[in-house]
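Open the structure in your viewer and keep the selection tool at hand. Each stop below says what to select and what is there.

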Amino acid sequence: MLQWIKSTFDLPGHETTLKREFMAGMISFFTIVYIIAVNGTILAEAGIPIEAGIIATILTCVVGCWLMGFWANAPIILVPGMGINAMFTYTLVHSMGLTWQEALGVVVVSGVIVTIISFTKLSQLLLEAIPNSLKHAITVGLGLFLTLIGLEKGGLVTKGENSLLALGDVSSPYVIATILSIILTVILFMRNVPANFLISIIVGTGIAAALGVVSFSNIGGNALPLDSYASLFGAVSFAKIGEFTFLVAVFSLTMVLLFENIGLINGHLSMIKRPEKFKRSFQANGISNLTSGLFGTSPTVATVETAAGIAAGGRTGVTAIVTGSLFLLSIFAIPFIKIIPGSAIAPILIIIGVLMLQSVKQIDFQDLSEGFPAFLVIVMIPFSYSIADGIAFGFIAYPLVKLALGKAKEVSAPLYIIAALFFLTFLTNVH
């Protein structure tokens with residue numbers, strides 16, 4: 001069995017070991033497991049029963065990660081995307097007036113489109129159309145976004161009046177637990193201690209318990225009522241497929257899925273220096289998008305937390321398969337998982353943000369026709385709290401700046417089309 005895994009996933013060729021891949025998969029799981037409860041809650045706002053939404057989320061994560069692992073042999077984690085789940089609930093259902101069943105229909109149709117594109121030359125064409133400066137900018141922007149999520153999870157920054165960020169209460173036990181966990185994580189990481197992130201999560205949870213932030217007394221409870229999921233699985237409606245609202249929703253969601261995932265997948269593969277895995281990774285993502293609607297949840301993305309597993313040594317699909325398997329087991333272990341506090345996860349997200357920030361060295365800011373659009377991507381991803389919107393600003397600005405400076409020939413024809421489509425999504429105001 002061990003030899004089969006080594007040969008199938010080419011562990012020696014990726015300069016990794018089964019133990020390292022397993023640990024990386026565990027780290028990826030613990031940094032993203034919050035999606036189970038959060039996504040279920042957001043889906044509930046659309047009218048989907050929360051227990052069913054949680055089960056749909058888990059099953060989607062399992063299938064997405066396994067697809068990525070077995071088909072693409074990449075350590076990329078596919079889970080319902082934050083931001084896109086909000087788009088599903090608050091835009092497609094609340095603003096556009098679709099039922100949640102019709103919104104799931106939008107997800108399926110968008111997934112079919114993305115899948116078709118991923119299996120044609122269009123996927124490579126889209127990737128090649130993106131300038132290197134914007135590719136590196138997306139990686140940097142994702143790093144800052146991940147850092148912001150970490151700071152919020154750790155209570156170091158909070159949303160104050162008018163949603164503006166403010167410094168958290170540094171004297172609170174929760175923030176103290178975060179600060180102590182950060183110190184511990186940095187020391188373990190810089191000293192290259194084996195399984196440093198996993199140790200950090202375990203000890204960080206212990207620190208939080210010692211400070212009274214979490215309690216182990218509430219562990220327990222019944223497993224999720226699996227029978228509640230029967231009404232959600234396959235509950236897809238195409239009743240409005242010919243109507244303008246449905247078509248606009250499909251167009252907008254497809255644009256977000258295409259370019260958010262192109263940016264994320266390219267960024268993750270750049271970290272492991274395996275750009276040749278892009279095609280299959282994008283294909284796995286497309287199929288996962290399609291199955292998301294059938295399972296009953298918003299679409300998946302190559303989540304930014306993937307970088308945690310990569311930083312922990314993940315190099316092959318074994319990492320993703322381990323993460324997916326842990327999601328499957330989580331159906332019976334949610335009470336245990338829920339006790340892990342954000343103060344124990346935050347330090348890992350912050351460190352990964354620092355590592356991703358290093359791509360800024362690859363951007364030529366001396367040439368403002370390259371540097372300014374890249375700058376917009378970098379700042380707008382965290383400031384708009386949206387990966388898709390941040391990418392859109394840079395993609396729209398790039399050809400405009402080149403045109404203004406008389407460098408129109410430096411922009412590929414596909415990029416002009418992409419920029420126009422992004423601008424159109426802003427006009428429809430449903431991205």
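Predicted model: local features only at pLDDT ≥ 70, side-chain atom pairs only at ≥ 80, totals over all residues.

Residues are numbered from 1 along each chain as its sequence is written, and side-chain values use heavy atoms, with hydrogens and water left out.

**Helices 3 and 5**

Select residues 35–45, helix 3, and residues 84–95, helix 5. Helices here are DSSP runs (H or I, at least four residues), numbered from the N terminus. The two pack at an angle of about 0 degrees, with axes 9 Å apart; axes are lines fitted to C-alpha atoms over the stretch in contact, and angles run from 0 to 180 degrees between N-to-C directions. That makes helix 3 roughly parallel to helix 5 (an angle under 35 degrees). Now show Asn39, Ile42, Leu43 and Glu45 of helix 3, which meet residues of helix 5 including Phe88, Tyr90 and His94. Contact means heavy atoms within 4.5 Å.

**Helices 4 and 12**

Next select residues 50–72, helix 4, and residues 278–295, helix 12. Their packing angle is about 160 degrees, and their axes are 9 Å apart. Helix 4 and helix 12 are therefore roughly antiparallel (over 145 degrees). On the helix 4 side, the contact residues include Leu59, Val63, Leu67 and Trp71; on the helix 12 side, Ala284, Ile287, Thr291 and Phe295 are among them.

**Helix 11**

Move to residues 244–271, helix 11. Of the 28 residues, 22 are buried, meaning under 20% relative accessible area with a 1.4 Å probe, protein chains only. Just after helix 11, select Lys273, which takes a positive phi of about 55 degrees.

**Thr306**

Is Thr306 buried or exposed (over 50%)? Thr306 is buried, with a relative accessible area of 0%. Thr306 lies in helix 13, residues 306–311. Leaving aside residues up to four places away in sequence, Thr306 touches Ser28, Pro75, Ile76, Ile77 and His268.

**Ala420**

Finish in helix 19, residues 413–428, where Ala420 is found. Ala420 has a relative accessible area of 46% and is partly exposed (between 20% and 50%). Select Phe395 as well: Ala420 and Phe395 are 25 residues apart in sequence, and their C-alpha atoms are 9.1 Å apart.

Technical notes: Parallel < 35°, antiparallel > 145°, perpendicular 65-115°, else oblique. Expected span 1.5 Å × (residues − 1).
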